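How are two packed helices described, and what does such a description look like in one particular case? The report below takes up one helix pair and then turns to the chain that holds the pair.

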Amino acid sequence: MKRRMRFLLALLLAVSCVTLGGGTLKDLPADREYPIVIRHIVDPRLPALSESEFQDMLDRCKGYIHEYLGYRVSFFIQGNQSMQAFREEVKKLDELPMMHELKKSLLDINSESDRERLSKYTDELVSSAPETTLRRHVPGFERYKDRKEISSHLYRQYVEKLRKIQSIKTSDGTRLADAPYDVTLTYPFWDMALRHLKGAHFIFTNTIMADMEVDIPIYVALRYGITTGLVEHNIHNSYRAAGVIFTYPFLARDGFFVSERGKETPAELATDVIALYATHEFGHFLNHFRDYYDHENCIMVPAHDLDYYRWYRDKKEKKCALKHEKLKMF
Ligand SMILES: [Zn+2]
Ligand SMILES: [Zn+2]
């Protein structure tokens with residue numbers, strides 16, 4: 001899922017692309033096989049796919065990419081990397097001006113003034129949204145008496161649920177968002193890591209992106225800041241793209257996720273559901289499709305809540321026959 005458009009960043013990026021000799025996305029012909037290097041980054045405190053499950057998931061993903069997106073790919077898996085080692089690898093990005101820009105929108109849930117900023121932002125977001133958008137994204141839209149009621153509900157839910165997520169106890173007794181892992185739950189960390197990723201094209205990681213931010217679209221606010229996957233421009237590789245899938249929302253056994261996911265995915269389909277969700281991200285990466293919200297049974301419609309099994313069944317039922325526009329830049 002492409003998370004947002006920032007005009008300032010687009011401008012910064014345009015400048016950096018000029019210096020790198022062009023960054024627009026080139027159409028990838030479907031008559032050849034594309035090698036994709038995969039990295040598995042592991043937070044040792046959280047449940048992860050075993051090596052055989054990981055391989056099984058990638059085999060399924062490869063099949064789905066051909067079936068849903070029309071591309072043949074071969075995956076090359078790098079050895080597992082610990083989250084701490086990855087943090088070290090990308091630490092130098094902290095000094096870049098773009099990181100500084102991105103962090104301006106990142107809020108601290110424990111700061112009263114930051115929560116106030118979120119509350120104001122949510123008011124603006126809801127009051128300026130077209131009614132069709134609210135109808136599409138806000139569950140039980142008809143039950144609210146006005147937009148103010150929607151935005152205050154959205155704000156309260158965001159804070160309450162994100163708090164729950166960030167304080168989930170992990171296997172070593174620390175909380176999910178305890179330092180030094182706090183930063184690895186945030187959008188600026190992953191967005192910058194993907195832009196500058198070297199040696200791999202696509203990351204699978206067993207953590208989650210869940211943070212408090214302004215300048216986000218309404219569907220991210222409605223998911224309490226959770227993002228399941230992201231594809232971003234990459235300044236180094238020939239695809240000019242890099243992606244990440246977060247597997248914690250699928251694999252978490254904690255009560256919050258179990259209840260938010262709704263009907264639990266049968267164990268034998270766990271890798272298949274992740275594989276199909278990853279296919280959505282490869283639709284950005286390979287086909288350069290954008291997200292859609294109004295297509296039916298469409299692989300390019302992201303999950304709007306944490307019920308991934310429902311999302312999966314919907315995409316397996318039939319495929320979308322509508323036309324999908326190709327982006328020139330993410
Ligand atoms: Zn998407
Ligand atoms: Zn579609």
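## Helix 5 against helix 7

Helix 5 and helix 7 lie oblique to each other, because angles under 35 degrees count as roughly parallel, over 145 as roughly antiparallel, 65 to 115 as roughly perpendicular and the rest as oblique. The axes of helix 5 (residues 112–128) and helix 7 (residues 147–166) cross at roughly 140 degrees and come within 9 Å; axes are lines fitted to C-alpha atoms over the stretch in contact, with angles from 0 to 180 degrees between N-to-C directions.

From helix 5, R115, L118, S119, T122, D123, V126 and S127 meet R147, I150, S151, L154, Y155, Y158 and V159 of helix 7, contact being C-beta atoms, placed from the backbone, within 7 Å. By class, this contact of helix 5 with helix 7 has 7 nonpolar, 4 polar and 3 charged residues.

## Basis of the model

The model is predicted, so that local features need pLDDT of at least 70 and side-chain atom pairs count only at pLDDT 80 or more, while totals for chains, interfaces and linings use all residues. Residues are numbered from 1 along each chain as its sequence is written, and chains are lettered from A and ligands numbered from 1 in the order in which they are written.

## The chain as a whole

The protein chain has 13 helices and 10 strands, counted as DSSP runs (helices H or I, at least four residues; strands E, at least two) numbered from the N terminus. Along the principal axes, its C-alpha atoms fill a box of roughly 55 × 45 × 45 Å.

Methods: Two residues are in contact if their C-beta atoms, placed from the backbone, lie within 7 Å. Ala, Val, Leu, Ile, Met, Phe, Trp, Tyr, Cys and Pro count as nonpolar, Asp, Glu, Lys and Arg as charged, and the others, Gly among them, as polar.
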